[in-house]
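Subject: Structure handover and notes

Hello,

Please find the structure below. My notes come after it.

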Amino acid sequence: MKAAALIAPETIEIIDIPEPHCGPDEVLVRVTAVGLCGTDSAVVRGSRPVPNMPWVLGHEGVGEIVAVGSRTVDREVGQQVAIEPNYCCFTCEACGDGFTSGCPSRDAVGLTSPGLLAEYVAVPAIFTHPAADHVNICDLVCVEPLTVARAAVRRSGVRSGQRCLVVGTGSQGLFVCQSLLAEGITPHVREPHTGRRELALVLGAVPATDGEPFDHIFETSGATGALETALGTLVPGGKATLVGMNAGPLDISTHAVVSRQLSLSGSLIYDHPHDFADTIAALEKKSVEPHRVLQARYPLEAAAEAFAAVVDTPGKCWISLNDPAGQ
Ligand SMILES: [Zn+2]
Ligand SMILES: [Zn+2]
């Protein structure tokens, strides 16, 4: 079967690999779509090193179950599923507390275990989330990054009526905007890329104006300068939820944090299983329409082109597999 793999930093090729075997606790998924994000770009660039090469890329995958392992009783052939690509251990203290995003032994698909950009993947059944047939593939393929955004909003404790700034409207920022809008909050946005900013406005955000104060900021760009500027707009007692990452130090004094009583919290992925399940339920009810963030679709054969496009495309790039009619 075909898979899109990194064969050297910055070099992606379509390779032939054996079809995976479905273990007793797994399901075999015929992959239909995979979304691409900044994490994938970091893997391609080599700034997030992978265990070996060729390395199958991609972690935002959805598809159809085509085989069910012998010990798996609660999944069926024919179900469309979204894959939750972070396999927590279920045995550590964090997992025991339901804080699976804090699991130190978490296996991250596409980073520590091979990715999903292949015609078929074998996945632990427990990390597949069935969605009703009426959920469109263009909504379903957004489940993973949308769940990251919804978990950030959930953890932030933001309430309707609070003034919110979303820093960065790459696809993660756009999903945060949609998650806030779904809670009845109109996000204000700051984004230097014209196309990305305009897409946020189309989705219902409004531009932030200079000097405007905010109760809450969501930082999705990972740019430390942008975060430092945004922190200056927080009211006393304001809160920042950080989603974007950067290894560089942050230039803010403890004086600024204490005297203005600011809170800074990181939000990493989501917790199993309720965050994913909650997003799927929202898609089934159509209370959020993440397909509006999808902008550029590619066939598997054009994977290299698709990854190159992630850097500058407003909205989300994605790869459609096993869909000759759509290509
Ligand atoms: Zn991603
Ligand atoms: Zn654990």
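Predicted model: local features only at pLDDT ≥ 70, side-chain atom pairs only at ≥ 80, totals over all residues.

Residues are numbered from 1 along each chain as its sequence is written, chains are lettered from A and ligands numbered from 1 in the order in which they are written, and side-chain values use heavy atoms, with hydrogens and water left out.

Domain 1 puts 13 residues into the contact and domain 2 puts in 11 residues, where contact means heavy atoms within 4.5 Å. About 990 Å² is buried between domain 1 and domain 2, and carbon and sulfur atoms give 55% of that. Buried area here is the accessible area (1.4 Å probe) that two parts lose on being put together, summed over both. On the domain 1 side, R292, V293 and P314 lose the most area to domain 2, together 47% of what that side buries.

From the record, UniProt has an unreviewed entry with the feature "domain: Alcohol dehydrogenase-like N-terminal" at residues 23-131. UniProt positions are given in the numbering used here, feature names are shortened, and annotations may be inferred rather than shown by experiment. Residues 23-131 are 11% helix and 35% strand, with the end C-alpha atoms 22 Å apart. Helices (H or I, at least four residues) and strands (E, at least two) are DSSP runs, numbered from the N terminus.

Zinc site

The zinc ion (ligand 1) has C37 (SG), H59 (NE2) and E60 (OE) as its protein donors, at 2.0 to 2.2 Å. Donors are N, O and S atoms within 2.8 Å of the metal (3.2 Å for Na, K and Ca); water is not among the atoms, so sites may look incomplete. Along the chain the donors of the zinc ion follow the spacing C-x21-H-E. C37 sits in the loop between β3 (26-35) and α1 (38-45) while E60 is in strand β5 (residues 60-68), so the pair ties together parts that are 23 residues apart in sequence. Both C37 and E60 are buried, on a scale where buried means under 20% relative accessible area, exposed over 50%, and partly exposed in between (1.4 Å probe, protein chains only).

N86 belongs to strand β7 (residues 86-87). With a relative accessible area of 7%, N86 is buried. Its side chain makes a polar contact with the side chain of Y270 at 2.9 Å. A polar contact is a pair of N or O atoms within 3.5 Å; within protein, one must be able to donate a hydrogen and the other to accept it, and residues adjacent in sequence count only if both atoms are side-chain atoms. Not counting residues up to four places away in sequence, N86 touches R106, D107, A108, F127, E144, I269 and Y270.

A151 is part of helix α4 (residues 143-156) and is buried, at 0% relative accessibility. With residues up to four places away in sequence left out, A151 touches S267, I269, Y270 and D275.

T186 lies in the loop between α5 (171-182) and β12 (187-190) and is partly exposed, with a relative accessible area of 41%. Leaving aside residues up to four places away in sequence, T186 touches C164, L181, G204 and V206.

Backbone geometry

Most residues other than glycine have a negative phi, and most peptide bonds are trans. The exceptions I noted are these:

- M53 and P54 are joined by a cis peptide bond with omega about 0°; P54 is in the loop between α1 and β4 (55-56).
- The bond from H272 to P273 is cis, omega near -10°, and P273 is in the loop between β16 (263-266) and α9 (274-284).
- F90, not a glycine, has a positive phi of about 70°; F90 is partly exposed, with a relative accessible area of 43%.
- K286, also not a glycine, has a positive phi of about 60° and is exposed at 56% relative accessibility.

Regards
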